[in-house]
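I opened my notebook to look through this structure piece by piece. These are my entries.

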Amino acid sequence: MSKICVAQLGVLLLLAAVADGLAADPVYYVFQMDGKPIGYGEVTADELTLDGQSLQRLRSTTTLRFALGSATHTVIRRATTLVQPDSGAPTYYELTQDTNGNVNHVECKFEGQQVRTWQWREGAPKGDPKDTPATSPTHILGSNDFAHWGLLLKAAAAQGANGTAELTVFLPDVAQTQPFRLKRGEPQNLDVAGTSHACQ
């Protein structure tokens, strides 16, 4: 079975993004399968004002190219997430995923105690949304979206005084909420590009 992992400075950069509140400069991650690079992730953040409301805009691009059996797959995921700057609570999310030329879209609007989600293929009608109940606060976690992981870890750090945090997470790919439990691990040294770093 193939093993996919995030390599090089992925873990360290993720923790740095939490500490710094997601920096304005792009942050990059490298994906590896069986020890070989198969793609990268890029995260950028900026501020904008929409309908008189200040929001943080997170952009995430993930590009993967890998072989499964005799077929080569190229996946490009481009996502934009709007969140409340202080709480990290999402207000809007959109994703375009291109898999070997097959393009799909996801759009989510967080409205009070529900999330409205549209999913459609390129060229097809957008159709009606699926409404999902969502208790407050709800966080967001899209596949391979390191911006979302940064928000999630920041929320967990604010809540987890005893080293454990329990959060409600909305998964846009399946339009469902899920309880999520994070527990802080013991400090350890991690070897990154031949240099040892103290991590937790």
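**Entry 1: ground rules and a helix.** I take helices (H or I, at least four residues) and strands (E, at least two) as DSSP runs, numbered from the N terminus. The expected span of a helix is 1.5 Å times one less than its number of residues. The model is predicted, so I use local features only at pLDDT of at least 70 and side-chain atom pairs only at pLDDT 80 or more, while totals for chains, interfaces and linings use all residues. Residues are numbered from 1 along each chain as its sequence is written, and side-chain values use heavy atoms, with hydrogens and water left out.

I looked up helix H2 first. H2 runs over residues 146-159 and has 14 residues. From first C-alpha to last, H2 reaches 20 Å, close to the expected 20 Å.

What caps the N-terminal end of H2? Asp-145 does: one of its side-chain oxygens lies 3.1 Å from the backbone nitrogen of Ala-147. I count a polar contact as a pair of N or O atoms within 3.5 Å; within protein, one must be able to donate a hydrogen and the other to accept it, and residues adjacent in sequence count only if both atoms are side-chain atoms.

Next I checked burial. Buried means under 20% relative accessible area, exposed over 50%, and partly exposed in between (1.4 Å probe, protein chains only). The buried residues of H2 include Phe-146, His-148, Leu-151 and Leu-152.

**Entry 2: the cores.** A nonpolar core is a set of buried Ala, Val, Leu, Ile, Met, Phe, Trp, Tyr and Cys residues joined through side-chain atoms within 4.5 Å. The largest one here has 15 residues. Ile-38, Leu-58, Leu-64 and Phe-66 have the most contacts inside this core. Strands S2 (27-33), S3 (36-50), S4 (53-68) and S5 (71-83), along with H2, each give two or more residues to this core. The largest share, four residues, comes from S2. I also found a second, separate core of eleven residues, with Ala-79, Leu-95, Phe-110 and Val-115 among them.

**Entry 3: aromatic pairs.** Rings of Phe, Tyr and Trp (its six-membered ring) pair if their centres lie within 6.5 Å; planes under 30 degrees apart count as stacked, over 60 as edge-to-face and the rest as tilted. How many aromatic pairs does a search of the whole structure find? It finds four.

Phe-31 and Phe-146 form a tilted pair, 5.6 Å centre to centre with 45 degrees between the planes. Phe-31 lies in S2 and Phe-146 in H2, so the pair ties together parts 115 residues apart in sequence. Both Phe-31 and Phe-146 are buried. I then looked at Phe-110 and Phe-170, which pair edge-to-face: 5.6 Å centre to centre, 85 degrees between the planes. Phe-110 is in strand S7 (residues 102-111) and Phe-170 in strand S11 (residues 164-171), 60 residues apart. Phe-110 and Phe-170 are both buried. Finally, Tyr-29, Phe-31 and Phe-146 form one aromatic cluster.

**Entry 4: one glutamine.** I picked Gln-119, which lies in strand S8 (residues 114-121).
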